[in-house]
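Welcome, and take a moment to turn the model around before reading on. We will walk through it together, one region at a time.

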Amino acid sequence: MKRKVLAGILAAAMMTTLLTGCGNKQASDGGGQTGAETESAAGTEPAAGADSVKPSTAEDPKLTKNMKILSIWAEDNDNGVLIKALCEKYQKEVNPNFTWDYEVVSSDNLRQKVSTLVASNDLPDMFVYESGKPIVDLIEAGKLVNVSKVLKDFNCEDALNPSAVSLLKSLSGTDDIYDLPLGMNVEGFWYNKALFEQAGCQVPNTWEEFESVLAKLKGAGIQPIACGAADKWGATRLLNSYLVRIAGADAMAKADEGISKYTDEDYVKAAQKIQDWAKAGYFGEGVNTVDMNTAGSMLMTGQAAIFYNGSWFTSNLNDASQNLAGEDGIGFFNVPVADPYVSDESSYSMNCGNILSFSQKNYDEATGWFMKYFAENMGDLAMELQGSVKGYNYTVSAEGASGYTQMVLDTINNAESAFTWFEATMGNEVQNVAKDGIQTLLTGELSAEDYMKSIQEAWDMSQ
């Protein structure tokens with residue numbers, strides 16, 4: 001089933017509802033104040049997926065539950081910290097009969113792991129997955145809990161940012177959501193201010209200026225970009241950033257709909273761009289051995305000048321033990337503009353990050369009460385522990401937020417339209433080819449033409 005995934009992802013709603021998270025309840029009604037165009041991608045609701053088990057009492061009955069959790073983050077890293085902390089709080093503050101088993105799988109193996117669990121009908125109670133195309137297959141197979149119904153039954157619909165809900169609906173093409181967000185993110189380039197100053201570089205606004213900055217950094221003996229290609233998506237994000245600026249925000253949606261082909265000139269040109277960067281040494285040595293965590297560390301410790309990542313990176317930037325550049329040592333800039341008539345500076349890449357889904361088979365009332373607590377408390381917890389926005393409303397004041405967190409809030413506030421990431425519209429088979437081939441593209445073993453041809457062939461076979 002084909003559904004067009006939103007290219008302009010309700011950016012106006014994102015702005016106003018993020019302010020709602022800062023305590024401005026009235027802002028949730030002002031989604032149109034920026035004049036951004038909105039296009040609805042919600043379709044009819046799949047028949048699969050039973051109603052949630054409604055609460056039997058007005059208060060949490062403290063039912064016995066051992067929650068099996070599958071995650072891509074260790075409990076001491078990134079969102080794993082928040083998931084663990086929330087489970088501990090729920091057990092301590094509400095339900096002492098709640099326990100959990102936490103399993104970690106690498107992000108690269110997540111989809112294969114979930115596919116195996118689906119085949120054996122053994123999905124865990126709660127698991128991290130990817131929004132967009134990957135989740136649609138599980139929805140249509142009736143494997144996932146209808147989260148919208150749970151939130152309604154447990155009277156906690158207002159806990160989520162409406163913009164996050166709109167984004168999740170548009171990515172799955174459904175009228176309800178079947179996942180909980182783990183981010184309210186804007187993406188772009190983080191840069192080390194000291195290294196820019198050392199090389200005499202200014203923040204680029206145009207793509208031509210960006211290319212000049214990369215060459216200038218390299219000439220000064222500074223690694224221009226830390227890529228993180230071991231995780232693959234760090235490299236495909238770079239390809240996507242250039243593609244959007246030369247072909248438009250709907251480039252990937254058009255390819256998925258068959259309106260365009262992945263082998264069209266602009267798509268090949270974008271693949272050629274990052275291959276040229278690799279050949280020029282802009283990614284340093286061994287780009288395919290560097291994961292995203294290491295790449296981020298390289299930026300914060302002054303080993304590389306630029307790093308593409310999302311606003312979830314603020315959790316690392318706010319950690320003084322990791323960020324040796326200090327409280328104001330790292331800056332941020334949007335993907336530079338190549339042609340303002342195709343994609344302008346007010347358009348940002350935005351997403352809700354990896355998401356949490358819940359097994360329909362294992363769903364029970366105890367799970368519903370935990371989901372309610374999760375939705376109502378994750379916003380404050382994320383802001384307090386990491387200074388990050390996760391797609392939930394929060395009540396803690398943003399006045400004491402770090403400069404990095406405020407930078408993210410300001411950036412989202414400036415966005416007037418948005419575009420998705422490279423794989424957002426791809427089915428699993430196509431996504432596998434795109435990610436697996438990116439490393440050989442960087443090494444030059446695969447030409448830009450052949451890389452895009454392989455993706456097109458995978459798309460053709462999936463139809």
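Is Asn155 buried or exposed? Asn155 is exposed, because its relative accessible area is 66%; here buried means under 20% relative accessible area, exposed over 50%, and partly exposed in between, with a 1.4 Å probe and protein chains only. You can find Asn155 in the loop between helix 5 (147-153) and helix 6 (162-172). Although Asn155 is not a glycine, its phi is positive, at about 55 degrees.

Before going further, please note that this is a predicted model, in which local features need pLDDT of at least 70 and side-chain atom pairs count only at pLDDT 80 or more, while totals for chains, interfaces and linings use all residues. Residues are numbered from 1 along each chain as its sequence is written, and side-chain values use heavy atoms, with hydrogens and water left out.

Asn121 also has a positive phi, near 55 degrees, and is a residue other than glycine. Look for Asn121 in the loop between helix 3 (110-119) and strand 3 (126-129). Asn121 counts as partly exposed because its relative accessibility is 38%.

Now step back to see the whole protein. Its secondary structure comes to 17 helices and 11 strands; these are DSSP runs numbered from the N terminus, with helices being H or I of at least four residues and strands being E of at least two. Of the 463 residues, 58% count as buried. The protein exposes about 18000 Å², and carbon and sulfur atoms supply 45% of that area, as computed by the Shrake-Rupley method with a 1.4 Å probe, where for residues only the protein chains shown count as cover. Among contacts with a separation of 6 or more, 79% are between residues 24 or more positions apart; contact means heavy atoms within 4.5 Å.

Next, look inside. In soluble globular proteins, nonpolar side chains tend to be buried together. In this model the largest nonpolar core has 69 residues, and those with the most contacts inside it are Leu160, Phe370 and Phe374. Such a core is a set of buried Ala, Val, Leu, Ile, Met, Phe, Trp, Tyr and Cys residues joined through side-chain atoms within 4.5 Å. Helix 14 gives the most to this core, with 10 residues. Apart from it lies another core, of 53 residues, including Phe210, Ala229, Met426 and Ala458.

Leaving aside neighbours within four places in sequence, Val430 is in contact with Tyr262, Ile455, Ala458, Trp459 and Ser462. Val430 sits in helix 16 and is buried, because its relative accessible area is 2%. Between Val430 and Asp460, 30 residues apart in sequence, the C-alpha to C-alpha distance is 9.2 Å.

Phe422 lies in the loop between strand 11 (417-419) and helix 16. With 0% relative accessibility, Phe422 counts as buried. Not counting residues up to four places away in sequence, Phe422 touches several residues, among them Thr236, Leu239, Ala434 and Ile455.

Our last stop is the largest pocket, which has a volume of about 1000 Å³. Of the 44 residues that line it, the closest to its centre are Ile72, Trp73, Asp78, Trp233 and Trp312. On a 1 Å grid over the protein atoms alone, a pocket is an open set of points where a 1.4 Å probe fits, with protein on both sides within 12 Å along at least five of seven lines, and lining residues have an atom within 4 Å of a point. Grid points are joined across faces, edges and corners, and the volume is the space filled by probe spheres set on the points.

Which helix gives the most to the lining of the largest pocket? Helix 12 does, with five residues. By class, the lining has 13 nonpolar, 19 polar and 12 charged residues; Ala, Val, Leu, Ile, Met, Phe, Trp, Tyr, Cys and Pro count as nonpolar, Asp, Glu, Lys and Arg as charged, and the others, Gly among them, as polar. Val128, in strand 3, has Ile72 and Trp73 among its contacts.
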